[in-house]
Amino acid sequence: MASLVDRLRGHGRIAVGLLFNLLVSICIVFLNKWIYVHHGFPNMSLTLVHFVVTWLGLYICQKLDIFAPKSLPPSRVFLLALSFCGFVVFTNLSLQNNTIGTYQLAKAMTTPVIIAIQTFCYQKTFSTRIQLTLIPITLGVILNSYYDVKFNFLGMVFAALGVLVTSLYQVWVGAKQHELQVNSMQLLYYQAPMSSAMLLVAVPFFEPVFGEGGIFGPWSVSALLMVLLSGVIAFMVNLSIYWIIGNTSPVTYNMFGHFKFCITLFGGYVLFKDPLSINQALGILCTLFGILAYTHFKLSEQEGSKSKLAQRP
C-alpha cells in the first residue's frame with residue numbers, strides 16, 4: 001500500500017512539473033515573439049538576460065535552502081554550457097526570423113534527431129515502426145517550410161541549427177545528471193553562469209551594446225519590463241526542462257512537447273495573424289500524424305517491456 005501511495009505521489013509530481021512546463025513554455029514563445037516584433041530587442045542580449053536572471057533565481061533558491069550547491073569540474077560542464085548557449089540563441093533566432101508555425105513545426109524535428117544521436121552515439125536501438133514514424137514527421141516539416149509564404153532561408157538555417165543543438169543539449173542534460181550525480185538545480189546553478197560568461201564575451205561581436213538597438217540603449221519602460229518578465233519566465237522554463245529530463249527522459253520530454261506544439265501553432269495564427277496555406281495545413285497534419293503514431297508505438301513498447309518484467313519469476 002505504501003509503495004502504491006509513493007508511486008502515485010511520484011506520478012503526481014511529474015504531472016505537475018509537465019503542466020508547469022507547458023504553461024511557461026507557451027508563454028515564453030509568445031512573449032519573446034512580441035518583444036522581437038514590437039520592440040526589436042536584440043536576440044543574443046535577450047538570451048544573456050535570460051541566463052543572468054536564471055542564475056540569480058537559482059542563487060536565491062540555494063540561499064533559501066531549496067537545494068545545496070555542488071562543486072563540479074568546469075571541464076565536465078563546458079560542452080553542456082556551450083550547447084545551452086547554442087540551444088537558446090538558435091531557437092530564439094528561429095523564432096525571430098520565422099513565423100510561429102514554421103518555428104514550432106521545425107522543433108518537431110528534435111525527436112528524430114534525438115533518436116539518431118542515441119542510435120549512433122549511445123548504441124540505443126529503436127523498433128522499425130518507431131523509425132517509420134519519422135518519415136511523416138520529417139515530410140510534414142518540409143511541406144510546411146516549402147509552402148510558407150513568409151519562407152526565410154536564414155530562418156530555416158537557424159531552425160536547423162537550433163534542432164541539432166537542442167537535441168544534443170537534451171541528451172547531455174540527462175546523461176550529465178546521472179554521470180555527475182547531481183540534481184537539476186545543482187547542474188543548472190553551476191552551468192548558467194558559465195553560459196552567461198560565454199555570451200557576455202560573444203555579444204559585442206554580433207550586436208551593439210550601447211546606443212540604438214543595444215542592450216544598454218534607450219529602451220522604453222514597457223520594453224524593459226517585458227524583457228525582465230521574459231527572463232523570469234525563461235528561468236522557470238530552464239528549471240522545468242532540467243527537472244523533467246532528469247526525472248523522466250529526453251524522449252518523454254519531447255512527447256509531452258506535442259501538446260505545446262498544437263497550442264503554440266494555434267496561438268501563433270490567432271495572435272500574430274500568421275498566414276496558413278492548404279499545403280502548410282497538410283504538412284502540419286502529416287507531422288501531427290507522425291508524432292501521434294510515434295507516441296502510440298513508444299507507449300505500447302514501454303507497456304510491453306513492463307509486462308515482460310512483471311512476468312519474470
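**Exercise 1. Is the crossing of α3 and α7 left-handed or right-handed?** Work out how this helix pair is arranged, keeping in mind that the model is predicted.

*Solution.* 
- Step 1: the crossing of α3 and α7 is left-handed.
- Step 2: get the geometry. The axes of α3 (residues 74-97) and α7 (residues 153-180) come within 7 Å, and they cross at roughly 150°.
- Step 3: Angles over 145 degrees count as roughly antiparallel, so α3 is roughly antiparallel to α7.
- Step 4: look at who's in the contact. The residues where α3 meets α7 split into 16 nonpolar, eight polar and three charged.

**Exercise 2. At what angle do α5 and α7 pack?** Describe this pair, down to the residues.

*Solution.* 
- Step 1: α5 (residues 110-121) packs against α7 at about 55°, and the two axes are 9 Å apart.
- Step 2: with that angle, α5 and α7 are therefore oblique to each other.
- Step 3: for handedness, α5 passes α7 in a right-handed crossing.
- Step 4: pick out the residues. On the α5 side you'll find T110, V113, I114, I117 and Q118; they meet V163, L164, T166, S167, L168, Q170 and V171 of α7.
- Step 5: sort them by class, and the contact of α5 with α7 has seven nonpolar, five polar and no charged residues.

**Exercise 3. Which residues make the contact of α4 with α6?** Start from the axes and work down to the side chains.

*Solution.* 
- Step 1: α4 (residues 100-107) and α6 (residues 128-147) have axes 9 Å apart, at an angle of about 160°.
- Step 2: α4 and α6 are therefore roughly antiparallel to each other.
- Step 3: the crossing of α4 past α6 is left-handed.
- Step 4: α4 puts in G101, T102, L105 and A106, while α6 brings G140, V141, N144 and S145.
- Step 5: the class tally for α4 with α6 is three nonpolar, five polar and no charged residues.

**Exercise 4. What lines the second largest pocket?** Give its volume, its lining and the elements behind that lining.

*Solution.* 
- Step 1: the second largest pocket holds about 190 Å³ of space.
- Step 2: list the lining: R13, V16, G17, F20, N183, S184, M185, L239, S240, W243 and I244.
- Step 3: by class, the lining of the second largest pocket comes out as six nonpolar, four polar and one charged residues.

Note on methods. Residues numbered from 1 in each chain as written. Predicted model: local features only at pLDDT ≥ 70, side-chain atom pairs only at ≥ 80, totals over all residues. Heavy atoms only, no water. Axes fitted to C-alpha atoms, helices over the stretch in contact; angles between N-to-C directions. Helix = DSSP H or I, 4+ residues; strand = E, 2+ residues; numbered from the N terminus. Parallel < 35°, antiparallel > 145°, perpendicular 65-115°, else oblique. Left-handed = near helix turned anticlockwise from the far one by under 90°. Nonpolar A, V, L, I, M, F, W, Y, C, P; charged D, E, K, R; others polar. 1 Å grid on protein atoms, 1.4 Å probe; cavity = no way out; pocket = protein on both sides within 12 Å on 5 of 7 lines; lining within 4 Å. Points joined across faces, edges and corners; volume = space filled by probe spheres on them. Contact = heavy atoms within 4.5 Å.
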